[in-house]
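Open the model in your viewer and keep the selection tool at hand. This tour goes from one selection to the next.

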Amino acid sequence: MPPFAGAAEWLGSEPLGPTELRGHVVLVNFWTLTCINWLRQEPHVRAWSRAYRDDGLIVIGVHTPEFSFEHDIDRIRHAIKEREIDYPVAVDNDYDIWSAFANHYWPALYFIDPEGIIRDQQFGEGRYEQSERIIQPLLGVQRELVTVEGVGVEAQADWDHLRTPETYLGYGRSERFTPADGATLEPRAYELPKQLHVNHWALDGEWTIGRENVVLEQPGGSIACRFHARDAHLVLSPGARAAIPFHVLLDGEAPGRSHGVDIDEDGNGLLRDGRLYQLAREHNAVRERTLEITFHESGAEAYAFTFG
């Protein structure tokens, strides 16, 4: 196990390293607060931490940011509180721990024995039973596996009907952008196309397309996306503003019972802080739908759509 040198700060603990951890089974979890894959994994990691803590398991979260606003330690603290994380978290803003582990994924799990040897690893969500069956023999215990059921944004994806991939909006990784008449990196006005194909997205209003996000320059701008999934999420930040009200339509109408946890049935929501917002959870049969989100004030920053 590499040392945890380079952490900007430790939350919930004094700094930990191989000396303090020797003799314990350690589970290292790399995460970032906007990652839907980590959000769906986190209830399992929480449950393992609580179920096996008295058996000698120490879980360490390593928060390595994907987007620039995720470097803010207060935002990380808020995510820890919101997700009820009660194990130590190392803030890895400079990717020092990430690099020491030669890690490349969010989320990632590293299973470490009492001698400090990495015995297994898991990249991405899923394989929860297998992961817990790795933990138990390392601890020398054998019992029934914990029961976990994620709720809200932590609920497991509807994999059978998920046909739209994660979609980044900034020019650094943008795909399937459908402007009506071309795109530039300078502030300019866009219009939604007459037809939006599935898995494509578009802008309406005056936006600036940056490397990792799109930024609204004038109130009333919209982002539309045609998707096929049960859930639709969007990573958002208010930038320098305290709060930005927004409104969501599904196929041109209020979402009703298919609203996500971050909006009401009429489609109203409030962008208060940088995080992942769940905008839609299909109440009926999953099918192709068009989501349009409109911001009533300028300054909104949008980073990536994810689906479940």
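The stops below cover the nonpolar cores and then the cysteines of this predicted model.

**The largest core.** Start by selecting L27, W31, W48, L57 and I135. Within the largest nonpolar core, which has 38 residues, these are the ones with the most contacts. Next, colour the elements that each supply at least two residues of this core: the strands β2 (25–31), β3 (57–63), β4 (89–91), β5 (108–112) and β17 (301–307), and the helices α2 (36–52), α3 (73–82) and α5 (128–139). The largest share comes from α2, with 6 residues.

**Around W31.** Now centre the view on W31. Which residues is W31 in contact with, leaving aside its neighbours within four places in sequence? Select W38, then G61, V62, H63 and T64, then I76, A79 and I80, and finally I85, V89 and W106; W31 is in contact with each of these.

**The cysteines.** Last, select C35 and C225 and show their sulfur atoms. How many disulfides does the model contain? The count is 0. For C35, the closest cysteine sulfur is in C225, 18 Å away, and therefore too far for a bond. C225 is likewise in no disulfide.

Conventions: Residues are numbered from 1 along each chain as its sequence is written. This is a predicted model: local features need pLDDT of at least 70, side-chain atom pairs count only at pLDDT 80 or more; totals for chains, interfaces and linings use all residues. Side-chain values use heavy atoms; hydrogens and water are left out. A nonpolar core is a set of buried Ala, Val, Leu, Ile, Met, Phe, Trp, Tyr and Cys residues joined through side-chain atoms within 4.5 Å. Buried means under 20% relative accessible area, exposed over 50%, partly exposed in between (1.4 Å probe, protein chains only). Helices (H or I, at least four residues) and strands (E, at least two) are DSSP runs, numbered from the N terminus. Contact means heavy atoms within 4.5 Å. A disulfide is a pair of cysteine sulfur atoms within 2.5 Å.
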